[in-house]
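Dear colleague,

Please find below the structure that I am handing over to you.

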Amino acid sequence: MTAPTDFDGGQRVLEGVMDLTYLSDVDAGRRAAMAVPSSRLPGDWPADPDQIFELPRYWREAPELPADLREHGSISREHLWDLAAQADRGVRSWTEVMIASFAWGYVNAPYGPFRLRRILTDTANEPCLESSLRAAADRALDDAVGAYHLLRTPPPDGGVRLRWYGPAFFTRFLFAASGVGGSACILDQGRADAVRRLTDDSTLLRGADWSTEEYAFYLGFVDGLCFHKIGRQSA
């Protein structure tokens, strides 16, 4: 198992004040991570935050892709964070950041542009897309769990959930929106599988539409794994 596949940006330590409802889940994740034997920790972790991906032709030709990103021809974590900083200053839309994070996540998938277009053109999403992303991005700066809860919860229940936009990809958006040193981590099937392998617990993070409690557990796990790894290196 290698770090870039399983835990991106693992040096970020969980910080910020969040709803006390989820603190027990965060603590459970930390305890699970601290119980992982050192012999099972990835040797090359954390991942290099400067990895650059060339955008294939099907992304460069996607009309939804921002023009400057198309001209640049590649994308990286640093680029995503820069785009998010521009959106935070009001000089770029959060929808463009979402599109960029989608292209980053689906960089090697020819069907990626189709799945992006399905989100952008859905009649239920169109009127509220930018405002929903902005609300989640604002929350992500100091409360990654709260931002996750917003994007996972339907509007009738107080959230800003968008159709066709699940956790595996909206956590990429939150990862960008929380910025350099932020606490929002990506959770997808590969990372969920990695948690189960490291803990030998097949009941953890099953499925794909993970609850807010499960995301809080995951952030606690990544935070605990960082502390475990760094603590052993400095001992």
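The following paragraphs set out what was found in this structure.

Please bear in mind that this is a predicted model.

I begin with the nonpolar core. The largest one has 70 residues, and its largest share, nine residues, comes from helix H12 (residues 212–234). The residues with the most contacts inside this core are Trp 59, Trp 94, Met 98, Tyr 165, Phe 173, Leu 174 and Tyr 218. Leaving aside neighbours within four places in sequence, Met 98 is in contact with Leu 116, Ile 119, Leu 120, Leu 133, Tyr 165 and Phe 173.

Helix H9 (residues 144–152) is largely enclosed by the rest of the structure, because seven of its nine residues are buried. Those buried residues are Ala 144, Val 145, Gly 146, Ala 147, Tyr 148, Leu 150 and Leu 151.

The second largest pocket has a volume of about 170 Å³. Helix H7 (112–121) and helix H10 (167–177) are the elements that give two or more residues to its lining. By class, that lining has nine nonpolar, one polar and two charged residues. Among the lining residues are Phe 102, Tyr 106, Arg 115, Arg 118, Trp 164 and Phe 169; Ile 119 and Tyr 165 also line this pocket.

Turning to charged pairs, a search of the whole structure finds 14 salt bridges. One of these joins Asp 200 to Arg 40, with the closest N and O atoms 2.8 Å apart. Asp 200 lies in the loop between helix H11 (189–199) and H12, and Arg 40 in the loop between helix H2 (23–34) and strand E1 (52–54), so the pair ties together parts that are 160 residues apart in sequence. Asp 200 counts as exposed at 61% relative accessibility, whereas Arg 40, at 32%, counts as partly exposed.

A salt bridge also links Arg 172 and Asp 188, the closest N and O atoms being 3.0 Å apart. Arg 172 belongs to helix H10 and Asp 188 to the loop between H10 and H11, so this pair ties together parts that are 16 residues apart in sequence. Arg 172 is buried at 10% relative accessibility, and Asp 188 is buried with a relative accessible area of 11%.

In the salt bridge of Arg 196 with Asp 193, the closest N and O atoms are 2.1 Å apart. These residues are separated by about one helical turn, because they are three residues apart in helix H11. Finally, salt bridges that share partners join Asp 27, Arg 30 and Asp 223 into one network.

With kind regards

Technical notes:
Residues are numbered from 1 along each chain as its sequence is written. This is a predicted model: local features need pLDDT of at least 70, side-chain atom pairs count only at pLDDT 80 or more; totals for chains, interfaces and linings use all residues. Side-chain values use heavy atoms; hydrogens and water are left out. On a 1 Å grid over the protein atoms alone, a cavity is a set of points where a 1.4 Å probe fits but cannot get out, and a pocket is an open set with protein on both sides within 12 Å along at least five of seven lines; lining residues have an atom within 4 Å of a point. Grid points are joined across faces, edges and corners, and a volume is the space filled by probe spheres set on the points. Helices (H or I, at least four residues) and strands (E, at least two) are DSSP runs, numbered from the N terminus. Ala, Val, Leu, Ile, Met, Phe, Trp, Tyr, Cys and Pro count as nonpolar, Asp, Glu, Lys and Arg as charged, and the others, Gly among them, as polar. A nonpolar core is a set of buried Ala, Val, Leu, Ile, Met, Phe, Trp, Tyr and Cys residues joined through side-chain atoms within 4.5 Å. Buried means under 20% relative accessible area, exposed over 50%, partly exposed in between (1.4 Å probe, protein chains only). Contact means heavy atoms within 4.5 Å. A salt bridge is a side-chain nitrogen of Lys or Arg within 4 Å of a carboxyl oxygen of Asp or Glu.
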